[in-house]
Structures are given as structure tokens and as C-alpha cells.
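Me: Please go through this model with me, one topic at a time, and keep to what can be read from it.

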Amino acid sequence: MQNKGFIRLFTVLLILAALYSLSFSFFTWKANHDADKYAQGNEQMRREYLDSLSRLDSYYNFLGLRKFSYAETQQRSLNLGLDLKGGMNVTLRISIEDMILNLSNDGKKDTLLMKVLARTDELERDSREDYVSLFGKAFQEIAPQGTAMRTMFIANEAMSSRINYQSTNEEVLKVLAEQAKASLDNSFDVIRTRIDRFGVVQPNIQNLGNGRVLVELPGVVDQDRVRDLLQSSAKLEFWETWNASEVLNVVFEVNNTLADLNEVSDKAKDASTSTATEQAKADTTKQETASGELSLKEQLQDSAAAATQADAQKTKEEIARENPLLNILIPNVSQEGYPGYGPIVGFAQRADIPYIDSLLAVSEVQLLLQEIAPEVKFAWGKKANSNGFFELIALKSIGGEGNPALDGSVVVDARPEFTQTGGAASVQMIMNADGAREWRRLTRDNTGRSIAIVLDGFVYSYPNVQGEIPNGISSITGDFSIAEATDLANILKSGKLSAATKIEFSEFVGPTLGAESIQKGLMSVVVALIFMFGYLFFYYRKAGTVANIALLLNLFLVFGVLASLGAVLTLSGIAGIVLSLAMAIDANVIIYERVREELSQGKGMKLAIADGFKGSYSAIIDGNVTTLIIGIVLYMFGKGSIQGFATTLIIGILTTLFCGIFITRMIFERFLAKKRTISFDRKATRNAFKNIHIDFMGNRKKYYIVSSIIIGVCILAIVVRGFQIGVDFKGGRSYTVVVEGERNVEEIEESLAKQFGKAPEVKTLGAEGIKVTTDYKINDKGTEVDTETETLLFKGLQEVPDLLPKGITQDDFMKNNLTQSNMVGPTIANDMIWSAIISIVVALIFMFIYILIRFRNWEFGLSAALALLHDVFVVIGVFALLHGLLPFSMEVGQEFIAALLTIIGYSLNDTVVIFDRIREMRTEYPKRNTLKLFNQGVNSTLSRTITTSATTLLVLLIIFFFGGDSMKGFIFAMIIGVVIGSYSTIFIASPLAYEMLKKGKKTIETE
């Protein structure tokens, strides 16, 4: 072997670099281990111990060369993915629609603009173009001929300096595109600043382009907190308010108007009824106003009686028809019928809020409000009160234009405040000079009344003004926890988002599931290694020990490279590592089988090893390059866990080539130099697969018949049974829940149907889990939709007898029972489908091109491609045939596509090894009969094909049984793929290549 000195030096440097990168992970683990030992289960003490380490100037001193703090050590340690550590993965879409509305003259009041935006949203679901371009197309479709786009934007201050009355539609779109880019850059910077202040170790924030931002937050458990942090636009406003006594009559007028509308009757049937009146009354304000008018008091008494003490003869539907609004909105009145004090007009449960909003949005109600109360604006409180009800607050709109008395642009700083006694936290705000001056006037004019502090449309607090505040310093109160106050101050300091954000994809993994994934993932790796090491040692004796050393070094380097690159290790990444180890075994098997062939021809050990390595390079490089191409395609077009799998697969292939070709060769040469005995077999394996002469080509028509029958069954299964499409491709929300009682799927679906309006899909998982998938309000926008869906899920499961623990609260359910959740919006689901299609097509094209270049015959490339299509079709057919029949998920989603692409790479690797041997034999025996040549090529590689396939299959079976439930569908697809891939390599690809060459009367070209 040439350049041995350089290779040795490079190996030493590579090992030292890996040791350096992994040392941070060791010391981070040691710190956590010491903290656990010190705390003895006390989380507060554990946190204090780690905080003490953070205050040290130097925690880790690397060989006396450089000192690292504990925080730096954490940042440089190996990142664990959400499925191993728990946490939340979110893909945000920055709303260009919101930006366009802000840049327009009249916003939502412009009916033409709203129609164009609605059409743009429709086009976006089936297109990959940017939003501004689609907006231009929608405008051309909808706007009357001759209408200039500039008329919708020319009066806006931000646009008037960029466009004029001569600007064409193209020029306006160009300005909008520039504004969109600036808005996206601003939003990304604001989101990054918020995350940096959030306090999560090793967050991952990526700008995905096309208005999307990926945020990964390992270790977080509070989903609502993350959603609020990411989706809050930081639109801070200060509103004057109405007292309940001044506006309750408006609420009753709205109720009466709704009662008169015929369509309300249909809507009211689906309205959720309120809880008992006594619970609602206990929450109402105790104080009464002395100045309440008698007529209003009588009206309140009559309306409350109608809503809460209806005639027992009336049905719920009749009561709801007579009081559409007051049936679910509890008015803020005392038991004597007097209006409550302050700006609260009513109370409602969380699940009822969307329906109340829909009632207030009815066109007749909007006309009524414009007529009798143009300066009244309703807004919900951000948090529920102590009884679990949300408050509806009456805000005073200045001049009826919907504007607040003061906006948040005057706030220059915000900081959380905590009391020493452990009471509720608050947020202190400091205003600039103009803001302080206006705040003084506002507090002076509203002494004795409430001023509502509103953020992103929700009322955070409505303190009663005791007197004039002259210095512009005030506090936002609202029964905040320390974390909530810290987040609110963070949001206000980070700046306002120039456009709203919407979560298009989210994945949550609870800490319990993450710990379980680590345990099962490590178990699968350890067991797989034991079996692989044992097999190699048994089959190849001392040479097997050399291969095992190379495998251990391979594994060490993979983890070292992952740590040095700052890559994330996921559960699917562990599967990629194990698969790359199986391919490393394949490289050793190819070499060892060639060495055994050379030895059988009478060559000495030194020459046999040299010729064996030399004769194996082509097959090893071809096989690994094809899989490398698959890994690159997966990384380019995949997302989330797919990229994790691709990352470790790519790194594993590169380290496999290095260890398989160079490390094992250096060890053998060292043995030869020391004149040590080397053995490549033992008595039991010496003659395995030798002297095999199967006429594969002569029996090819039988194989075609078998494949035709298999394909026929697959087609029938696809047509009759179809597929179980995953949330990735159809959009929706899925929840994995741990339950206690008997899992009656029909009973659970029936209970949840009452909450969601239609039955979701419910499947059992493992011994005590269920997976619920629903498309409830998947097209709706807003931060409250996720929370509403989770509330309905909890209520539906709670109504199933003995399914959840008795007395469980929704908070406990979210922390302990909801172990995983996913949300995929329709737009990103469409993108995932396109990515899947493109990735498969691109992979097949690259495979064909590579084989065409390597073998210089299109027949080889086409036969390999047809065999790959055969494999893919069979795997798809098996999933269509067996979904719902096996006790694990067999959804067709992103991970299934990743499995198909990996199967393509694996199957092609097998095929290339055989084709490479046929090409080599043709070079050695140019006059040999083509049929005989093909048979000899397949027979001579049969040992390698069976050995590698058996080893890979064994590894996959270990992962299948010892890995987590979430991976079973993925691994099952791989198992089917390995079996059918090995079959097609021998019985389909080679016979097809022979058939084409025979019909074309061509010979195989040599290099």
C-alpha cells in the first residue's frame, strides 16, 4: 500500500479530532451525572448545582491549552434530536399576506384585495411559487380589466414613496417582493433573538427559504409557551375600556338579533352548552354599582333568567335558539341582577370561544354594532381565571376607527419583576418621552377606570387606574408565572414582527418518550453490534477480528464527526448509523471473499491480500457511491428526522470507505510484517457457497412469472385497499397518548366525534398507547386553534370510561399522557408530497446516469432501474396489503419515502457488485459465452450477496424488536426492501440485462 506514512498520520489526527469533539459530550454528561447525584431527585437542587457550574470561569481545561466554561462545553457537546431528548420542532411560515394587508390602503376593508388574497391562498396550496408572484396571478384573474394594482397601495405611507400613479403592475409586484424579503429577514432576526433569550441549550434555527423558518427546541415541555413565543407579533396596545354597566345592553341586543335570524338555529345545534350556572355565578364580580339604571337591571334579570333558568319543558336546542349568545356567554351580573364592576362583559369556557367569535362575526351583528355601538370593541383575556373561564373585555375604540389610545411603539424597554414573597410576577415597561407624555394624559383622564393592555389581540391585564402616572414607567400584571413574565419581556424587547407568523408544521416529543427512545436506540445499537461482531468472528475467524476493530473505529469516527459538525443525532440517525455499519460489513465481506478466492488459486497470503483488496475496490466504491447519492438526495429533499437519517448515513459511508479500504489494509500489513498468522475462515465456513453452478439465466422466465404474480397481488392491494396516508402528506394533527383503560377504538372515535364534529382516525400503539389523527380546523389560522384542538381531545378522551386516570386535569394530561404531537398544514403537506416525488425521480435518474457512466451500456442502467422500480412497487404493495392488520403504524409519509430511497440504494449496491463482477469476467474471458458469463458472475458473488443480506436483515430485525414503536413502520419497510432487493438483484436485474444484451446482439464493453 502506497503513502502508508501519510495515511497513518491522517488516521492519528482524525482520531485525535474525534476525541477532542467527543470530550465535550463526556464532560457535559459528567456534569449532569454529578448534579443528579448531588440533588438526589430534587429538581431545584439539581438546577442550583448546574447554575453554580455556569458561574465558573473555567469548567473544562483541554490539555492545558484552552479553558472552556460550562456553557461552552454544553454548546460543543453532541446534539441530541427531539426524539431522543424530547422537545418541540416547529416550521413557521411568515405571512406575506399579512404584510400585503399592512401595505395596502384600506386593509381588510378593501373587498377586491381580500378576494385576491383568498385566491392567492388557493393557488399556493398547489404551487411552489413565492407568494408575491401568486398574488400577481390572482390579481390578473380577479381584478376587472383595466384595474391598476397601484390603486390598492398608493395611499399607504410606506408604499407612496416607492410607487406612483404611473407604476405598472409589474413594478408594484417588484416593490412588494422587495418588501417581502425585508419582512422575512426582519422576522427571522426577531425570532432568533427571542430564541436566544429563551434559555434553551443548543436550539436550532434555520431559514428554510420561501418564508419558512425551522425552530428546534430540545428539552422544552410547555407547548403553549413555545407557540406564544414564536407566533406573537409583539403588537402591543393600550386601550381605554367601557364599564360593564355601559355596554351590557349591547350584548343583549346582539343576543336578540341572533335569535331573530333563521340560520342561527342550525348553528346553535352544534354549540357547546355552558356549565352549571352556580359555577359561573361564583366567578362574577361581587361589587355592584350604585348608579345602575332600573331598566337595565330589569333587562339583566330577565335575560339571565332566560339563559340559566329556562322552562324545564324546553329542549337544549330551544333554549339555544332563544338565547344563541347568552346560552354560552355568561353575562357579568350579580345574583341580584346588577351589572358587575369593571370592563368584563361576560365569561366563557375555552371550547366555546371560537363559536362566540363566529356569532359576533355574523354580518347582521356587525351592522348592528356599527349602528348602536361603533366605539365598542370586544377582546378576550389571555388567560383563564381561577374558575377556568375566559373573560370578554369591552374596549373603547377611538372615534369608532378600531384604533387604541396608545400603541407599543413608545415602549423602549421591558423587564420581568418578581416579588420576594413568591407572588405573581409582572413586566415593567419604560416608555420614551412622547409615550410618557401621552401615558400621563391617558392615566389622568381614566382615573377610577381600567386601561387594558393588549398584546396581539389578547387582553393581558386591565388594571384600574389609581391616579396620573407621570414618568412613563408602569407594569403589566396578570397573574403571570416567572416563565410567562420572562417570555413577555423577551417578546417586547426583541421587537415587533413585521408580519404575522403561523405554525405550518409542529412536532412535540415528551421527555418520557425521549428517554425511552434513548434507551431503546442504544439497546438496538448494542445488540446489533454484538451480533455483527460475533458473526464476523465466527465466519472469518482472525480476519473477522480485524473487521471488528475497523467497525469500532468506524463507529467512533461517526460520533466524532457528528459532534465536530454540530449535527443532531436523532433516533432515525441511529438507524442510519446501524445501516452504515451493515454496509461496512459488506465492504469487508467483498474484500474477504476476494482474498479467499485468491487463496483458493494457490497464491500466498501476502499476494492474496494485495490482489483481494485491489480486485475489490471497484465494487466497494461503486456500491458506496450509489448509496451516497441516495443519502445526498435524502438530505436535500428531506426534512426533520429524514435529514438526521441522511446525515449519519452520509458520514457513515465516508468513514466506511476509509476504515474498510485503509484501516483493515494497514492492520493486515502490520500482521504480515510481524509474521503473525492470518486466517480468513474456519473449518465450518471454508467451503461455504463454493462450487455452486445454478443456471439463473436459463430459469429466468420462471422468475419473471413469480415476480408477475407478486406484482399482480400488489396492484390488487393498491386498488382495493389503498394506502394509510400519513399526516405528512394529507395535513392534519396527530397525537400520541398514553392511556390506562381498555382501548376500544370505536368507542374512542365516537366520543371524539362529539367534540370534533366528525370521527378522527384512532389507532392503538404498543401496549398502552393510542394515536389520534384529525383534520379539525387545519385550514384555520390563529394561535388559539392548537390549544382548542388539544382541549377537545382531552375532553373527548376523558368521557371514555376508565381511559384516563380519574381526576386528571388538562395540564397533567399535557405533561404526562400526551407523549407526542404533530401538526402539518395543507401547504407544507403539499410541499412534502412534491419533495417525495422529486426525491424518488432524482434518485432514479442519478442511479441510471451513474451506471451508464460506469458500465458504458444503457442496458445495464435500464435493467437496474427496472429492478429498482420492481422493489419499490413491491414494498408499496405490501404496505397497501398489510396496513391495519399489523400492530404498528404503516403510514405512507416522509419516513416511508426515506425507506424507499434507502431500499433503492441498498438494492442498487447489490446489483452493482454483480454487474461489476460480470464486467471483470468479460475482461478476463472475452470469448466466453454470454449466458455462461452471467451465470458465473451471479454464482461467484452469491456468497457475498447472501452474507451481506443476512447480516443487514439481522441488524434490521434487531432494531425492529428493540427499537421504539415510532420506528417500526420505517424498519419494516426496510426489512421488506432488503428481502425483495436481494431477490431482484439475482433474479430480475441480471436476467433483464442479459435479455437486453442478447436481443440487441451486443457485447459487454470493458473499460
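Me: Which helix is R700 found in?
Reply: R700 belongs to helix α25, which covers residues 700–721; helices here are DSSP runs of H or I with at least four residues, strands are E runs with at least two, and both are numbered from the N terminus. Bear in mind that this is a predicted model, in which local features need pLDDT of at least 70 and side-chain atom pairs count only at pLDDT 80 or more, while totals for chains, interfaces and linings use all residues. Residues are numbered from 1 along each chain as its sequence is written, and side-chain values use heavy atoms, with hydrogens and water left out.

Me: Is R700 buried or exposed?
Reply: R700 is buried, because its relative accessible area is 9% and buried means under 20%, with exposed over 50% and partly exposed in between (1.4 Å probe, protein chains only).

Me: And what does R700 touch?
Reply: Leaving aside residues up to four places away in sequence, R700 touches P991, Y994, E995 and K998, where a contact means heavy atoms within 4.5 Å.

Me: What about the chain as a whole, how many helices and strands does it have?
Reply: The chain has 35 helices and 23 strands, and buried residues make up 54% of its 1007 residues. Of the contacts with a separation of 6 or more, 75% are between residues 24 or more positions apart.

Me: Changing topic, which residues gather in the patch of positive charge on the surface?
Reply: That patch brings together R8, K542, R670, K674 and R676.

Me: Where is K542 found?
Reply: K542 lies in helix α21, residues 542–565, and counts as partly exposed because its relative accessibility is 31%.

Me: What is the phi of R541?
Reply: R541 has a phi near 55 degrees, a positive value in a residue other than glycine. R541 sits in the loop between α20 (511–540) and α21, and at 40% relative accessibility R541 counts as partly exposed.

Me: And where is K675 found?
Reply: K675 is in the loop between α24 (641–673) and α25, and K675 has a positive phi of about 60 degrees although it is not a glycine. With a relative accessible area of 76%, K675 is exposed.

Definitions and conventions. Patches are made of residues with over 30% relative accessible area and no salt bridge: like charges are joined within 9 Å, nonpolar side chains (Val, Leu, Ile, Met, Phe, Trp, Tyr) within 5 Å. Accessible areas come from the Shrake-Rupley method with a 1.4 Å probe; for residues, only the protein chains shown count as cover. A salt bridge is a side-chain nitrogen of Lys or Arg within 4 Å of a carboxyl oxygen of Asp or Glu. Lys and Arg count as positive and Asp and Glu as negative; His and the chain ends are not counted. The place of a charge is taken as NZ of Lys, CZ of Arg, CG of Asp or CD of Glu.
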